[in-house]
Amino acid sequence: QEWCDRRLLARIHRLTIDRLRVEIEPVSIHDFYRFLFAWQRADQEHRAEGLEGLQSVLEQLDGCELPLAAWESAVLPARVTDYDPEWLDRLCFSGRIGWGRLSIPQNPNGRASAPLRTSPIALYLRENLSDWLALAQPNSAIELPSTSHAVFEALQSGGALFFSELISRSGLLPSQVEEALSQLAAVGLVTSDSFDGLRALLVP
């Protein structure tokens, strides 16, 4: 057994607690934001490079929903040096990355009229798609316009189709098919094998 003065033991205990509290005290807001920019690769020093760098960024943003127009105008160029849209298409074509809306619209019983440009679209690792779909709620209650419903039925019966095939199967004009695809993508009912198809819908 070891003996010690009670006041000395209390002082040791108090100093130990104070030291531990100093170690876990919050950093300043400035340091926290500096860490966030570095961790998100949004500062010049920590930006990713090339195709593999883009994939590492997308792994970090896996399943994150952002307005569609923001992905290639602000988010990815801020994190990848000399970002090239072709890199994202290559990752999609290779089956590593997919895109789509994972959340249901705010008004699930309303009409599908959300603008595609501001719709929350996620980029996700395809290996995690089953997990994201399990977390997503079904949005079958959305009321579709007649043109969107015709395109949706064509996809349901024909599977994956090219744009020209959608025109012939639905009997609609090309502009109507474009609008229908935009509405269906905005509410999370369709996707495609590359980001280029989604990009094309932003500039009909």
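Reader: In what order do the three strands of the open sheet stand?
Author: In this predicted model, three strands form an open sheet with antiparallel pairing. The twist from one strand to the next averages 30 degrees. The order of the strands is β2-β5-β4.

Reader: Which strands stand at the edges of the sheet?
Author: An edge strand has a single partner strand, so one side of it is left without a neighbour in the sheet. This applies to two strands, one of which spans residues 65-67. The edge strands are β2 and β4.

Reader: How many bridges join β4 to β5?
Author: β2 and β5 pair in the antiparallel sense over three bridges, and in that pair Leu66 has Ile121 of β5 as its bridge partner. β4 and β5 likewise run antiparallel. Here Trp99 stands opposite Leu123, and Gly98 stands opposite Tyr124. The number of bridges joining β4 to β5 is four.

Reader: Which residues of β4 are buried on the side other than that of Ile97 and Trp99?
Author: In a regular strand the side chains alternate between the two faces of the sheet. In β4, both faces are covered, and Ile97 and Trp99 are buried on one side.

Reader: How many of the six residues of β5 are buried?
Author: A residue counts as buried under 20% relative accessible area. By that criterion β5 is mostly covered. Of its six residues, the number buried is five.

Reader: Which residues does Leu76 touch, not counting residues up to four places away in sequence?
Author: Leu76 is among the core residues that touch the most other members. With residues up to four places away in sequence set aside, Leu76 touches Leu54, Val57, Leu58, Trp71, Tyr83, Leu88 and Leu123.

Reader: Against which elements do the buried residues of α3 pack?
Author: The buried residues of α3 are Leu51, Gly53, Leu54, Gln55, Val57 and Leu58. They pack against β1 (48-49), α4, β3 (80-81), α5, β4 and β5.

Reader: How are α4 and α10 oriented to each other: roughly parallel or roughly perpendicular?
Author: The two helices pack at an angle of about 105 degrees, with their axes 10 Å apart. Angles of 65 to 115 degrees count as roughly perpendicular. α4 and α10 are therefore roughly perpendicular.

Reader: How many charged residues does the contact of α4 with α10 have?
Author: From α4, the contact is made by Leu68, Trp71 and Glu72, and from α10 by Phe195, Leu198, Arg199 and Leu202. By class, five residues of this contact are nonpolar and no residue is polar. The number of charged residues is two.

Reader: Is His30 buried or exposed?
Author: His30 lies in helix α2, which covers residues 29-39. Its C-alpha atom is separated by 36 Å from that of Arg199, 169 residues apart along the chain. The relative accessible area of His30 is 58%, and exposed means over 50%. His30 is therefore exposed.

Note on methods:
Residues numbered from 1 in each chain as written. Predicted model: local features only at pLDDT ≥ 70, side-chain atom pairs only at ≥ 80, totals over all residues. Heavy atoms only, no water. Core = buried A, V, L, I, M, F, W, Y, C linked by side-chain atoms within 4.5 Å. Buried < 20%, exposed > 50% of the residue type's maximum accessible area, 1.4 Å probe, protein only. Contact = heavy atoms within 4.5 Å. Pairing = 2+ DSSP bridges. Axes fitted to C-alpha atoms, helices over the stretch in contact; angles between N-to-C directions. Parallel < 35°, antiparallel > 145°, perpendicular 65-115°, else oblique. Nonpolar A, V, L, I, M, F, W, Y, C, P; charged D, E, K, R; others polar.
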